[in-house]
Amino acid sequence: MKDNKSFYITTTLPYVNSELHVGHATELIRADAIARYKKLHGFEVYFNSGTDEHGTKIKDAAENSGQSPQKHVDFYAEKFKQSVNDFGLDLETLHLIRTTDSKHEIAAKKFWQICNENGYIYKKNYQRKYCSGCEEEKNDSDLVDGRCPIHENKELELIDEENYFFKYSEFGDELLKFYDDNPTFIIPDSRMNEMRSFTLRGLNDFSISRLKSKMPWGVEVPGDPDHVMYVWFDALTSYLSTLGWPDDTANFDKFWVNGNPTQYCGKDNTRFQGVMWQAMLMAAGIRNSHQIVVNGFIMGDGGVKMSKSLGNVVDPKEIVKDYGTDALRYFVLRELNPFEDSPFSHDRFKESYNSGLANGLGNLTSRIMKMAETNLDSIPAFSKESIEKGFAGVDEEIKSFNLQNALNLIWAEVQFLDQKIQETQPFKLVKVDPESGKKIIVELVQSLFAIAVSLEPFLPETSKKIQQLIKENKSPTEPLFARKD
């Protein structure tokens, strides 16, 4: 991540057709950890997320619930705001956008107009297979046994109508040059290679509108009230509209032009973020994203991807209710691979919680602070700057978005301190050699302080609690993480 005074990070916007699941929580928490890290290092951070509220999925979900689309999206947008607190996101840097916001609709229309004026939009009749689960057209090469491999339980729709199209095919060479000039544009490398190969095979123009008579829930196409925008063309512009584009040029310049715009997404969204959106930005004459960070899928029982459409999701709010916010953050940041598919189960979560938090960090904090409270009159002041230098490896892992490795380094220190206590037994030594025993206890407290500082982006509430205990030279009156049986 290039050092600028401002930094912009965004997630994809989940559809508000049902409750958020642990996959959404993972993306939001990872982006939040990066945002918090940058903020701690003196950056002015703009963290964007929100809700995608147009398209076929929303219309169908609203009809199934017997509500109007607007009432449906209002209800789930409020649910989304509540989830922000469950996931422990930093409200000072977080900005939420709804694609039904008037400022977003204005921006989406302006973006369309610019692309149209630049000659990249045209109208034609076409027939195409369409997956409503992906909100995406499908070629035969995308299908397995005639079905979308991600949404096997959904019948493909056959669209036969007049639509507006985006001249995607004109951007292949420009995109390939952009990838060559920015080899770390998509992380990990495997996803970068996939998008390069996808682009090399040739890009086909894609539909960017729907007939309003068939799909009325969307942003109206400028100058043509018979059409609404294709949901992805509308939703992708939210990364600009949230900054006040096109009117607030100062905010746009600060965070998009100069803020290294970084986007988190799932691997099923890589084409949209890494290819489609980049071509759209080129068509509008706007700088490209700085980096795209791609998450793997969260896999449920039997190795099946968790998804709302399959109905096999885990509700993160229930996890928070049973274990707490920082326990959820710990699991998704440390136990789930940052780039590849990862399994999730309640048993695995509990085992991780007990070993890493209850018996690990929580127990270590209690042991060290009990010794400190009993044997030290006061705790010497520790410099955050000097502490942070000892965790340079953590910094490097965060900068490469490998948050799992960053936490593994911190927990290696937790295990090292446990071993140091076992070997030196300062609680016994202090009774026969007070000076040597107290010296070791001070070293342990200093190392615990270093751990707490390093945890600020990951487990903010736990970090704050540990630092406060050290400041007051007190042991916790109750476990930081109570063991679950």
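How many residues does α16 have, and how far does it reach from its first C-alpha to its last? Select α16 and check: it has 22 residues and reaches 32 Å, close to the 32 Å expected at 1.5 Å a residue. Bear in mind that this is a predicted model.

**Along α16**

Colour the buried residues of α16 next. They are L403, Q404, A406, L407, I410, W411, V414, L417, D418, K420 and I421. Step past the end of the helix to Q425, whose phi is positive, near 45°.

Now go back to the loop ahead of the helix. F401 sits there, between α15 (392-399) and α16 (403-424). Its phi is positive, about 65°, although F401 is not a glycine. Most residues other than glycine have a negative phi. Is F401 buried or exposed? F401 counts as buried because its relative accessibility is 1%, under the 20% cut-off.

**The largest core**

Select L328, I368, I410, W411, I451, F458 and I470. These have the most contacts inside the largest nonpolar core, which has 80 residues.

Centre on L328. Leaving aside neighbours within four places in sequence, L328 is in contact with V22, A25, I29, F87, P316, I319, V320 and F349. Another core lies apart from the largest one. This other core has 66 residues, among them F171, F198, V221 and V228.

Look next at β4 (residues 121-131) and β6 (residues 157-166), which 10 bridges join. Pick R128: its bridge partner in β6 is I159.

**Helix α4**

Move to α4 (residues 102-117). It has 16 residues and spans 23 Å from first C-alpha to last, close to the expected 22 Å. Select its buried residues: H104, A107, A108, F111, W112, I114 and C115. Why do they lie on the same side of α4? They cover an arc of only 165° around the axis, which puts them there. An α-helix has 3.6 residues a turn, so residues three or four places apart point the same way.

Turn to the face away from the buried side. It carries the exposed residues S102, I106 and E117. Just after α4, G119 takes a positive phi of about 90°.

**Two cis prolines**

Select I187 and P188. The peptide bond between them is cis, with omega near 5°. P188 lies in the loop between β7 (186-187) and α6 (189-200). Then jump to W245 and P246, also joined by a cis peptide bond, with omega about 10°. Look for P246 in the loop between α8 (238-241) and α9 (249-257).

**Last stop**

Finish at N473, in the segment after α19 (460-472). Its phi is near 50°, a positive value in a residue other than glycine. At 10% relative accessibility, N473 counts as buried.

Note on methods:
Residues numbered from 1 in each chain as written. Predicted model: local features only at pLDDT ≥ 70, side-chain atom pairs only at ≥ 80, totals over all residues. Heavy atoms only, no water. Pairing = 2+ DSSP bridges. Helix = DSSP H or I, 4+ residues; strand = E, 2+ residues; numbered from the N terminus. Core = buried A, V, L, I, M, F, W, Y, C linked by side-chain atoms within 4.5 Å. Buried < 20%, exposed > 50% of the residue type's maximum accessible area, 1.4 Å probe, protein only. Contact = heavy atoms within 4.5 Å. Expected span 1.5 Å × (residues − 1). Arc of directions from axis to C-beta.
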